[in-house]
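Trainee: Could you walk me through reading a fold, one feature at a time?

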Amino acid sequence: MSETKTLISGAAQQKLLAFASLIALLIGFSLASPNFMQTSNMMSILQATSVNGVLAVAATLVIITGGIDLSVGTLMTFCAVTTGVVLTWGGMPLPLGVLTALATGALVGLTSGAFVAKMKIPPFIATLGMMLILKGLSLIVTGGRPIYFNDTPGFTEISQGSLVGKLIPSLPLPNGVLILFLVAGAASYILARTVLGRYCFALGSNEEAVRLSGVNVDRWKMAIYALAGAVCGVAGLLIASRLNSAQPALGQGYELDAIAAVVIGGTSLAGGRGTILGTLIGALIISVLTNGLRILSVAPEWQTVITGAIIIVAVYADQLRRGKTK
Amino acid sequence: MTDLIRMEGIDKRFPGVHALKGVSFDLRPGEVHALMGENGAGKSTLMKCLSGVYVPDGGRILVEGKEAVLTSPKAAQDLGIGIIHQELALMRDLTVAQNIWIGREPRLSFGRIDEKRLNEETAALFRNMNAPMDPRMLVGRLTIARQQMVEIAKALSHRSRALIMDEPTAALNDAEIADLFAIIRQLKAEGVGIVYISHKMDEIKRIADRVTVMRDGAYVGTVAAAETPISKIISMMVGREIVDERPPAPDLSQAETALEVRGISRRPDLHDVSFSLKKGEILGFAGLMGAGRTEVARAIFGADPRDSGEILVHGRKVEIRSPKDAVAAGIGYLSEDRKQFGLALGMDVRANTAMTSLSRYADRFGRIDETALERIARDYIKTLSIRTPSDLQEARLLSGGNQQKVVIAKWLLRDCEALIFDEPTRGVDVGAKAEIYRLLEELAAAGKAIIVISSELPEVLRLSHRIAVMCEGRLTGFLPGGASQEEIMALAIRRESAQAAE
């Protein structure tokens, strides 16, 4: 029974560590600058987390299977572009645009999943190829120019409006953040409670064992990539709404921020282990850091250096913890 | 009576290998049918054809008289054919219950899993097996033996009519084997047919009704287990008579002490372990699983930290804090898990041989002297008779026995004076076993000090000049090489509380 005890305290320790770092950062920055703890600043941190947070949720799903998805950033952009085509060029109503983003994401994810599952291309390569394909396609479709959503009233509300603020005026939580929380909640639930989630962990833990258990591994793997793709579609809607436009040149580089959030949050790149809550905390740590350093007028170059260092420290701390429990 | 399963003329080719040459096999309800043969004989391939992992190129499979096409593990499971794989096929990050019901989770609406039922049914399964188990325990946290129980429960949960067990007792201790055999007998009584693959002859005698032997991908014959002497089965397996007799122990009274261990402790696994080992001596370590034999080796080798105790090599005290220190002091450790710790499987024989001695064969720019390494590797291939097409063959393509020889070559090149062999013949077949035994004897005769840790008592008795027996982290006594199994068992179960009572 001592086995169980160390296990629980180990997992709790990991989450606690990331959470404690977040709190420490919050306290540190608020001591350093009085402007930091303002409600408006907190809201802008959350708003800045929404896109990266949603992408990181998508990346978490794939990483738990032992794979990796490098195409989340450019897929987000591609979804924004297809939405722009349907809404602005096609003049369709808003719900159809939302559906387009989700369907595009799911379809592309399904394709990446087929590359990995059916054609046995390593996830790193398959999604690297997909990343470039999507980047090019976004530029081709738009001719390199942004598509604006000026003709679709209410489009910016998706991210910038505040349903919560209407109900509770003192809490002007942007919809983008609400959507992040909803997506994260749904993903957590899927991972913990559903068959799809179970196979995420199972595949990352021992794919051969899952295959030998008579599970249709290929199909489930494709389903997971498709789900991750649909989540990228949500991110596409969020960023398009925030910029009131689909910016075709945007997107590359977002995948690395997303993966960074996942790793800081304690998800193992080897697969089989990870939590959405950890990923959320990881994404928040990155935004708090960026925001706080900007308020303290640290040069953006140094912000990048510090973020890099944080990733290494976070993973090292995780290694130390694991060494101890072993 | 219709056979439960009948395999006729099964043929299977892989690129460059004719793995199964028209093999036939049948299984009746309520029998234990042992399938035997050396490694590479095709037993596992045949059973993978039966369990839907491989699709045979020729021949047919009848299940209860009806021809069956088994294109996937699921198709086989649906026909009531279950398999327990030799390499545990479990997901370490999932719980016991999640592992057992993978692919068949009881569901609620919207793909949600009925976690409560999952755990209840798992608990019921283990109750029927008389094996207590927490369904919510992560499998990665269980011992190998407990993981094996999970595998068995998983196979049982399929309500299989035919159950294939590929070396199910490889990691079980005697008590657990007895439990397993009780379960097997219960299943037999219920009419389940069991294919039992094992290298352990005594088990075959205890549990099997019939024995089918394979050699080099071909069917050799089927005999009744009770009436056939073990020597007959072995000669069927290897195609020749094996002579392997224990040579007399050498006189070591004048020999110099090579290794001395004084009062090693590591709570809670080891308590005050002391012994010494002479040049040319083979000291066997016996004990039940978990007695602390491997832990002693790891503590001496510096792989695990020690709380106390000292180590002397040739009478000189040495500080060993890490494997690096141990190797520098001339101590080599050959892990029980060759594939994980002993070999770089994807690298060739030459690179593996040189692995621990690379710096000796590199110049000051770090460039490796491949010519020298080639010569050395070829020398060892000859002296240890490693069967490999060349020194550039990848280690993973060698048989278990030859892999073990590559590991031995690696440590010999490193000039180790004391070598610790942890389960030297695990996964090595009967023919190669005798060869490894002779090799160990030659090493001892050449003046090396050798420790052999083995769970197989016959192996300890066959090899050792002297036997150290452990129980619960303590050395409970030493016996001379010719001791009886009963004497060893008496020491192996002498717990501290019992000792106090004496």
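Mentor: Gladly; we will go from the whole chain to one strand and then to the domains.

Mentor: This is a predicted model, where local features need pLDDT of at least 70, side-chain atom pairs count only at pLDDT 80 or more, and totals for chains, interfaces and linings use all residues. Residues are numbered from 1 along each chain as its sequence is written, while chains are lettered from A and ligands numbered from 1 in the order in which they are written.

Trainee: How many helices and strands does chain B have?

Mentor: Helices (H or I, at least four residues) and strands (E, at least two) are DSSP runs, numbered from the N terminus. Chain B has 18 helices and 20 strands. Its radius of gyration, taken over C-alpha atoms, is 24 Å, close to the 23 Å that the globule rule (2.2 Å times the number of residues to the power 0.38) gives for 502 residues, so chain B is as compact as a globular protein of that length.

Trainee: Is strand β17 of chain B mostly covered or mostly open?

Mentor: We call a residue buried if 20 or more other C-beta atoms lie within 10 Å of its own, exposed if 12 or fewer, and partly exposed in between, with C-beta atoms placed from the backbone. β17(B), residues 418-422, is mostly covered, with five of its five residues buried.

Trainee: Which residues lie on each face of β17(B)?

Mentor: In a regular strand the side chains alternate between the two faces of the sheet. Here Ala418(B), Ile420(B) and Asp422(B) are on one side, Leu419(B) and Phe421(B) on the other, and all are buried.

Trainee: Which strands pair with β17(B)?

Mentor: Two strands pair if DSSP finds at least two bridges between them. Strand β16 (residues 331-334) runs parallel to β17(B), joined by four bridges, and Leu334(B) stands opposite Phe421(B). Strand β18 (residues 449-453) is also parallel to β17(B), with five bridges; there Phe421(B) stands opposite Val452(B).

Trainee: What do β17(B), helix α15 and β18(B) make together?

Mentor: A crossover is right-handed if, with the strands pointing away from the viewer, the path from the first strand over the helix to the second runs clockwise. With α15 (residues 430-445), these strands make a right-handed β-α-β unit.

Trainee: Into which domains is chain B divided?

Mentor: Domain bounds come from an automatic or database domain assignment. Chain B is divided into domain 1 (5-238) and domain 2 (257-501). Their centres, taken over C-alpha atoms, are separated by 32 Å.
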